[in-house]
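These are my notebook entries on a structure I looked up. I record the points in the order in which I checked them.

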Amino acid sequence: MSRDGAGIAVLIALALSLGACEQRSGEGHTVTGADSEPAPSGHAVLVKSTAPDGSGQSTTPEAAKPQNVERVLAFSYLGDTDRPVFPTLVGNSQAAIGHFLSAHSKDPLIPHGLQVVATAEGMAAIANVLKTAEEKLKPAKSKETAQPLLSVSDWSATAERTAQFPALAGLALLRSAAQCLKKSDAKPAGSLDALIILLSRD
Amino acid sequence: MSYRLNVHKLLVLSIALGVPGQLVAAPTVYTGTGITNESIFCMGVDVGTLNMTAPTNATRASGLSVSGSFVGNNNLNPNDIVMWVQLITTNQPYGGQPASPAYYFDPAPSDPVNTNYVTLNANGTHTATARALQYPFYWNVAEANQTATQQSYNYTNYQTVNAVTSNRNAVFSDSPQRARTPNAVWDAELDLVCWNPTTNALGMLWSGTYGFSTGANMLTSAIRGITQNGTVNGANYSGPTPVALTAAALTAAGFNNNAAVPGNNWSITSACNCVVPEPAVIYSLLSGAFMLIVVGLCSKPKGHIAQAPNTLAA
């Protein structure tokens, strides 16, 4: 097996593992929504980190932050579109979302994003899915230059960083996150569906 | 290993491997012309003010962002609703839409119907699951009726006299992008109309175009600013002259003869029909009625009045 082939095989296995909405509390369950998807073959993940103070120094948070820390995950579409595709903002409290919006008030899309307040368990599960997706899809595994279609900003009051995913990797991530939201009974239901539809289309 | 280290390792690796998006010079920022405080006339009557930001790629590397708003005044007929209509022509359509020079309505049937694109049902409720481009408007009717407290649909196109007093306005916002298709040419015709929901007549208030192009690297290479179509519906009553928004286009897109829409035959008129009767007209009508009453009272038989002196005299 060539080096590229081995890399692809690894990525296939890793992509399949993304199908789970893993709960750090140990009550995790396997979600099959993404398992039927083709594996992301050689997708790159682009990551940038910024500090809210503009210093450029990242104080990147752990995926599983203390539950009392305000946190927002913003899912944004990066692909071709004729219309403004508003991001989905998943926060652990309405106050966290409000502070996130204040920090991005000049963005043309974020202020109109769909707001979802997740339970602590749901938030942790989604963050875990995101962390897994980033760790598994390291750019070292691939030289392919796939276009990123999904951006996920992980925001807290002290740090923010953004990861970008190509279509299939992003789709697997979204579907797993949607299952986490569903499990946490977050409202409104189907809040990630528009993004899933868009990435499926692409 | 901490998460922070992972992030930095990813960043370094991506740079080393030449992953796109890293170590790329900041895209050139282009900015087209916008519109500032332009009075919009309807049959010679000032009905409101239009502002449009200058389209720019400052926050949209492979496209543009633009926004605007029309703020109406009390000259608008409260029975009409001010709405935005947009049609697109591009050499890089998606979802089966036709390529330029053809135009298609925005949203297109291929755009997802979901929380961002809910559809109004016939009974006034809205759903996020049905696909029905029943109306040719940029924001659907459910979005247009948003209140400010509904953050997820925070657009208020619904213009009534009461809305004017509460400072609501017809907001427009778009962020088109062609991040996956090189050498794209994307243009839109944006129209401001007043819609009579009973007759489905669209009165033209304003029409204009804007657009962008991308290069082989899929970054924005040109911005075409807001360019007005024809003459604003002012003193000469000629009205704006949309190119793409025509009765034929509405029919071709399936908006006419759509049984789901009451009064489902749409018409477009450049003779704007969105104004309330002018105060002078109302005053004249009231004055005329008053004069008729006065004349009627004064023309009653005088004999009854003339009897009084005689009685006194007796």
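What percentage of the 202 residues in chain A do buried residues make up? I find that buried residues make up 55% of them, where buried means under 20% relative accessible area, exposed over 50%, and partly exposed in between, with a 1.4 Å probe and protein chains only.

Conventions. I note that this is a predicted model, in which local features need pLDDT of at least 70, side-chain atom pairs count only at pLDDT 80 or more, and totals for chains, interfaces and linings use all residues. Residues are numbered from 1 along each chain as its sequence is written, chains are lettered from A and ligands numbered from 1 in the order in which they are written, and side-chain values use heavy atoms, with hydrogens and water left out.

Chain A, confidence. The pLDDT (the predictor's confidence in each residue, from 0 to 100) averages 71 in chain A, and 60% of the residues score at least 70.

Chain A, fold. I count 5 helices and 6 strands in chain A; helices (H or I, at least four residues) and strands (E, at least two) are DSSP runs, numbered from the N terminus. The elements run α-β-β-β-α-β-α-β-β-α-α from the N terminus on. Of the contacts between residues at least 6 apart in sequence, 71% join residues at least 24 apart.

Chain A, one residue. I looked up A:Ser76, which is in strand 2 (residues 71–77) of chain A. A:Ser76 is buried, because its relative accessible area is 18%. Beyond its neighbours within four places in sequence, A:Ser76 is in contact with A:Pro87, A:Leu149, A:Leu150, A:Ser151 and A:Leu195.

Chain B, sheet. I traced an open antiparallel sheet of 4 strands in the order 1-2-3-8; two strands pair if DSSP finds at least two bridges between them. Its edge strands are strand 1 (35–42) and strand 8 (170–174) of chain B. Strand 2 (residues 45–52) and strand 3 (residues 66–72) of chain B pair over 5 bridges, and B:Asn51 stands opposite B:Ser69 in strand 3.

Cores. The largest nonpolar core has 35 residues, and B:Met52, B:Phe70, B:Trp84, B:Leu205, B:Trp206 and B:Tyr210 touch the most other members. Such a core is a set of buried Ala, Val, Leu, Ile, Met, Phe, Trp, Tyr and Cys residues joined through side-chain atoms within 4.5 Å. Strand 9 of chain B gives the largest share, 5 residues. A second, separate core of 32 residues includes A:Val129, A:Ala169, A:Leu173 and A:Leu174.

Chain B, backbone. I found a cis peptide bond between B:Ser100 and B:Pro101, with omega about 15°, and another cis peptide bond between B:Asp106 and B:Pro107, with omega about 10°. B:Asn37, in strand 1 of chain B, has phi near 50°, a positive value in a residue other than glycine. B:Asn37 counts as exposed because its relative accessibility is 54%. B:Met218 is not a glycine, yet has a positive phi of about 70°; B:Met218 counts as buried because its relative accessibility is 15%.

How values were computed:
Contact means heavy atoms within 4.5 Å.
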